[in-house]
Amino acid sequence: MKHKRLTLCLVLLVISAVYLIYPYASKKDKDEESFKDEIIRFHIKANSNKEEDQALKLKIRDEILKKMGDKFANSRSIEETRYIILNNIDNIKSISEDLIAKEGKDFSVDVSLGNRKFPTRKYGNIIFPAGEYETLMVSIGEGKGQNWWCVMFPPLCFVEISHGNTSNPEKVLGKVLSEEEVYKLQANKELEEPPIILKSKIIEVFGKTKNNIVNKFLRNIEATTSKN
């Protein structure tokens with residue numbers, strides 16, 4: 001009997017520890033992704049990886065940046081950028097279609113704003129971790145080629161640009177993200193995919209461990225009660 005009570009006490013102690021650590025780990029994981037609420041990405045997917053399709057993708061990029069750059073460069077908030085996008089989707093589509101026709105192609109173009117998942121990507125000295133981001137997507141033809149991308153808000157695509165790449169992304173990001181958030185993106189620059197996946201696995205393990213311990217605890221109580 002003494003042994004069973006000791007076992008129950010240990011089980012309760014472990015459960016308490018898991019419940020204390022698990023919410024903290026989950027909250028930390030959520031906080032580390034809070035910067036995504038202030039980001040809209042811009043991707044252009046080529047029809048294929050053929051040299052001519054990739055070249056067409058870059059021409060469409062330059063045309064959109066040239067004709068839409070002023071609107072997005074002067075945006076003061078993510079809400080304003082989102083509003084400009086939604087009111088210019090047809091315009092962006094027309095710009096792309098006109099350029100395609102000028103190049104003697106007949107590819108269709110799909111333009112949309114929504115959440116999309118991406119792998120970890122590097123932008124200058126900044127690492128954007130894998131995950132889901134709000135994104136303006138311009139897909140050319142079958143959209144099976146490599147894509148060009150940048151950050152539409154804050155307007156990394158349009159400020160001090162050279163073919164859509166700002167020379168100082170930290171400075172632009174710092175206008176809407178906290179110093180800590182920018183630092184975390186910089187601090188991740190040496191990390192690759194595995195550590196990011198490991199972090200998620202740790203949360204997953206905590207979740208499974210918590211359920212296993214609770215089930216074992218309930219079985220022990222049931223066994224003890226039935227014997228009494």
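Among the residues of α2 that are buried are Asp-53, Leu-56, Ile-60, Ile-64, Leu-65, Met-68 and Phe-72; a residue is called buried under 20% relative accessible area, exposed over 50% and partly exposed in between, with a 1.4 Å probe and protein chains only. The helix α2 also bends by about 55 degrees at Lys-67, the bend being the angle between axes fitted to the seven residues ending there and the seven starting there.

## Basis of the model

This is a predicted model, in which local features need pLDDT of at least 70 and side-chain atom pairs count only at pLDDT 80 or more, while totals for chains, interfaces and linings use all residues. Residues are numbered from 1 along each chain as its sequence is written, and side-chain values use heavy atoms, with hydrogens and water left out.

## The chain as a whole

The protein chain has 7 helices and 8 strands, and 37% of its 228 residues are buried. Of the contacts in the protein chain with a separation of 6 or more, 70% are between residues 24 or more positions apart. The accessible surface of the chain comes to about 13700 Å², with 53% of it belonging to carbon and sulfur atoms; these areas come from the Shrake-Rupley method with a 1.4 Å probe, and for residues only the protein chains shown count as cover.

## The four-stranded sheet

An open sheet with mixed pairing is formed by 4 strands in the order β2-β5-β1-β6, and two strands are taken to pair if DSSP finds at least two bridges between them. Because β2 (109–118) and β6 (147–153) stand at the edges with a single partner strand each, one side of each is left without a neighbour in the sheet. Neighbouring strands of this sheet are turned by 25 degrees against each other on average, direction ignored, with axes being lines fitted to C-alpha atoms, for helices over the stretch in contact, and angles running from 0 to 180 degrees between N-to-C directions. Helix α4 (residues 89–102) packs on the sheet, where it touches β2 and β5, and its direction makes about 115 degrees with that of β2.

Strand β5 (residues 131–140) runs antiparallel to β2, to which it is joined by 10 bridges; Arg-116 stands opposite Tyr-133 in β5, and Val-111 has Val-138 as its bridge partner there. With β1, by contrast, β5 pairs in the parallel sense over 6 bridges, and His-43 has Met-137 of β5 as its bridge partner. Strand β5 is mostly covered, with 9 of its 10 residues buried.

## Two loops

Asn-47 lies in the loop between β1 (40–45) and α2, and because its relative accessibility is 12%, Asn-47 counts as buried. The side chain of Asn-47 makes a polar contact with the side chain of Asp-53 (3.0 Å), and a polar atom of the Asn-47 side chain lies 2.8 Å from the backbone nitrogen of Glu-142. A polar contact is a pair of N or O atoms within 3.5 Å; within protein, one must be able to donate a hydrogen and the other to accept it, and residues adjacent in sequence count only if both atoms are side-chain atoms.

In the loop between β6 and β7 (161–162) stands Pro-154, and the peptide bond from Phe-153 to Pro-154 is cis, with omega near -10 degrees.

Definitions and conventions: Contact means heavy atoms within 4.5 Å.
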